Amino acid sequence: MFRLLSSFLFVLIASYCFSQQVKVVDKETNKPIENVYIFDKYNSTLTNKFGIADLSEFKEKGHIYFQHPSFQNLELDFDEIKLRNFTVRLLSNIFPIQEVVVSANKWEQNIKEVPLKVHRIDKNEITRVNSQTTADLLKSCNQVYIQKSQLGGGSPMIRGFAANRVLLVLDGVRLNNAIYRNGNLQNVISIDANSLESAEIILGPGSIIYGSDAIGGVMDFHTIKPLYSTSGKTYTKFRYKNRYSSANNEVMNHVSYNVGKESLSFAGSVTYSDFDDQKMGSHGPDEYLRNEYVIRENGTDKIITNSNPKTQKQSGYNQFNLVQKIRYKASENTDLLYGFHYTTSSDIPRYDRLIQYKGDNLKYAEWYYGPQTLQMHNFQLAIKKANLLYDSFKLTTAFQNYKESRHDRKFSSTSKRSRSEKLNIYILNADAEKKLSKSTHLFWGAEMTHNRLRSKGHSSNIETNRLEEIASRYPDKSNYSSLAVYSNIKRKLNSHWTLNTGIRYSHVWINSELDNTYYNFPFTKLDLSSGALNGGIGVTYNSDLGWDFKLNASSGFRAPNIDDIGKVFDSEPGKVVVPNKDLKPEYIYNVDFNVSKNFNQKFFIDINAFYSFLDDAMIRSDYSFDGQNTIIYDGVESEVQAIVNADNAKVWGVNFQCIAKINQNFSATANMNYNNGEYKDGSPLRHVAPVFSSFKLDYKSNKLSSNIALEYNAKIDYKDLAEVEKDKAYLYASDKNGNPYSPEWLIVNWNNNYQLSKSINLNFSIENLFDKRYRPYSSGIAGVGRNFVFGMNITL
């Protein structure tokens with residue numbers, strides 16, 4: 001018995017001395033904090049999902065540092081940790097002042113030293129928001145305005161720009177391709193919000209690092225990354241998440257996992273979401289109601305009276321997302337990562353076209369996008385071994401296979417038009433970082449892309465199934481390629497001032513051949529070769545008193561793509577867009593100023609102002625095609641338009657953010673965005689959002705986090721609507737003169753998260769608490785009415 005007790009005491013003492021574990025928790029809620037970076041002069045480690053890390057390798061003398069972007073840094077010596085019984089409590093920041101971003105130069109940097117305005121959405125925020133789609137997640141940050149033509153949509157607007165003037169990046173790979181159009185895009189919903197670890201939004205031009213399309217901003221998304229074991233045991237993590245929303249009967253199920261050894265790790269994510277027809281609110285403009293819809297019965301199209309006009313009939317769809325990754329540590333300095341992304345959807349009804357009338361009848365019996373499918377293979381090699389050229393190096397190769405299609409049939413017609421596109425996209429990107437001196441860092445890189453496009457069109461008789469070829473949307477077998485080199489230097493002038501400057505040269509080639517089978521084009525070759533040089537310079541100043549100043553001047557560009565120079569399509573009733581072989585890049589010149597102040601972690605204020613000038617703007621304009629102002633398109637005489645370099649524009653605005661920590665449990669956040677923009681003739685820009693703002697009151701306790709949020713959108717009068725929006729009166733309410741306008745609206749949301757146990761988190765929310773009927777500017781589908789949301793998140 002004595003030997004047994006002695007052995008037990010020996011094991012207990014040995015485990016205390018040689019395998020000390022520390023637990024890091026939130027001081028206010030007592031919840032464990034994952035991924036806290038713990039380090040001293042010689043060692044470092046991260047806390048696991050339970051907030052636990054092993055300190056057995058750390059020296060018992062000396063200081064140990066605890067660092068996490070959402071919490072205040074803490075420095076303790078080993079004796080202090082012992083006195084706290086190896087439980088360390090961190091105090092949360094109301095604003096993460098040491099937050100790290102990777103979007104600005106593709107390498108981790110302190111956000112305070114980046115002169116660009118960057119907004120980061122971290123993992124905690126993604127979990128708390130519990131959004132339906134990634135478009136809704138972007139909306140929640142109150143920096144991005146979201147337009148939706150249909151339920152399966154979400155087109156981000158940033159600083160008056162949208163579609164192919166803003167850039168999507170997924171795990172370091174650009175998603176913008178050769179057929180991204182200047183109209184509203186729904187491609188962002190192909191990214192699964194449940195698979196994200198973080199997202200970063202660059203406000204303003206990001207062309208130095210990211211190239212073409214990054215005029216209004218960049219949205220850089222980072223999905224799950226396989227994690228290695230740091231304890232000698234297999235590191236496992238499993239998560240199951242579900243969500244139900246009453247307003248569109250959404251049912252979402254998500255599973256993700258991580259299995260990691262010391263040098264090999266696997267991670268994956270699977271999500272399936274199903275949405276029924278969306279219901280709008282009860283109080284608002286009658287113009288938004290869905291009074292009738294079309295069905296086909298006994299071989300005849302019939303217009304049916306909607307029994308509940310608040311139900312937006314024929315808007316539902318479903319979506320599937322898959323992410324799988326393998327990571328291998330080849331050596332202490334070499335890391336390999338392979339990622340596979342696959343997303344697809346059902347047919348997605350184009351709701352804004354289905355509510356369009358021609359005379360007294362609905363114009364279309366059918367209008368839908370076919371399944372939007374993206375398959376991406378992504379291989380990354382990361383090397384952290386200094387040599388003459390770099391200290392850190394990352395090589396990214398990617399292949400994307402992308403498919404989309406459009407299908408429409410007019411009311412009482414038996415002929416259905418279908419146009420489909422397939423793209424094979426090849427990307428090679430190299431990025432490097434080199435420390436030239438103690439205060440100077442060089443970032444440099446190169447990028448090559450190649451797009452191969454297949455575009456087909458056919459018409460089918462829905463009664464006989466007879467197929468007939470029709471003109472494709474784009475020239476078939478088109479090619480789009482780009483090559484670029486770029487560099488950026490960051491110099492720390494002293495403890496307060498940091499200077500950033502960069503330059504990029506890009507060249508784009510397009511090769512297409514037009515088919516004269518259906519149109520009498522005055523030319524058959526579309527060969528474009530254009531180069532663009534852009535750069536920028538910025539400074540940051542961080543004072544000891546908590547004031548931070550940023551000033552940045554930069555240029556950006558967008559090179560014409562195949563959609564710009566080669567598309568033939570009906571842009572709106574009675575108008576058709578035709579090819580233009582003489583397009584050249586458009587440029588933007590931008591100045592940003594940002595000032596922020598953190599008052600002792602109790603009050604934070606941030607103001608960002610910008611002015612942008614867009615030169616040689618590519619716009620849709622009336623056009624003469626082979627001397628003719630009209631052509632016959634799909635049997636209808638239509639006015640001719642084309643994308644042309646016909647204008648310049650200016651955009652300016654301001655963003656205001658304020659965060660106040662009222663006490664240990666309550667905090668308040670306010671955001672306001674004002675943007676304005678006009679062409680040289682004074683007419684308004686299409687994608688300038690109305691004034692939008694939010695106010696949120698947060699409560700946080702040991703188990704419960706809850707907030708009441710107000711979202712406000714200002715009115716856009718008829719005189720302030722862009723000309724192309726005035727032609728879409730069916731999307732808008734009518735003013736007292738019968739003209740279309742976008743009314744103001746205010747909705748209230750209530751969100752609650754309850755930590756039932758260490759592993760189980762429950763969510764209950766009510767969106768649009770007072771059942772307001774509203775439709776965001778330029779959108780085709782009305783927002784959700786009063787919406788009850790239930791969700792559960794289990795982490796093991």
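Two strands pair if DSSP finds at least two bridges between them. The model to which this criterion is applied here is predicted.

**Exercise 1.** Determine how β10 and β16 pair, and identify the bridge partner of H119 in β16.

Solution. Step 1: β10 and strand β16, residues 196-203, are joined by five bridges in the antiparallel sense. Step 2: the criterion asks for at least two bridges, so β10 and β16, with five bridges, count as paired. Step 3: within β16, H119 has I201 as its bridge partner.

**Exercise 2.** Give the strand order of the open sheet that contains β10, and state which strands stand at its edges.

Solution. Step 1: the sheet consists of five strands in the order β10-β16-β17-β14-β15, with mixed pairing. Step 2: β10 (117-121) and β15 (173-174) each have a single partner strand, so one side of each is left without a neighbour in the sheet. These two strands therefore stand at the edges.

**Exercise 3.** Describe the hairpin formed by β22 and β23.

Solution. Step 1: strand β22 (residues 292-297) pairs with strand β23 (residues 300-305) over six bridges in the antiparallel sense. Step 2: I295 has K302 in β23 as its bridge partner. Step 3: two residues lie between the strands, and N298 in the turn has a positive phi of about 55 degrees.

**Exercise 4.** Classify the aromatic pair of F764 and F790, and decide whether each residue is buried, partly exposed or exposed.

Solution. Step 1: the count of aromatic pairs comes to 20. In the pair of F764 and F790, the centres are 5.3 Å apart and the planes are at 35 degrees, and the pair is tilted. Step 2: the pair links distant parts of the chain, with F764 in strand β52 (residues 760-767) and F790 in strand β53 (residues 787-795), 26 residues apart.

**Exercise 5.** Name the residues with the most contacts inside the largest nonpolar core, and list what L175 touches.

Solution. Step 1: the largest nonpolar core has 99 residues, and those with the most contacts inside it are L138, L175, I201, M219 and F221. Step 2: strand β45 (residues 636-661) supplies the largest share of this core, six residues. Step 3: not counting residues up to four places away in sequence, L175 touches L168, L170, Y180, I191, L374, M376 and Q400.

How values were computed:
Residues numbered from 1 in each chain as written. Predicted model: local features only at pLDDT ≥ 70, side-chain atom pairs only at ≥ 80, totals over all residues. Heavy atoms only, no water. Helix = DSSP H or I, 4+ residues; strand = E, 2+ residues; numbered from the N terminus. Phe/Tyr/Trp six-rings, centres within 6.5 Å; stacked < 30°, edge-to-face > 60°. Core = buried A, V, L, I, M, F, W, Y, C linked by side-chain atoms within 4.5 Å. Buried < 20%, exposed > 50% of the residue type's maximum accessible area, 1.4 Å probe, protein only. Contact = heavy atoms within 4.5 Å.
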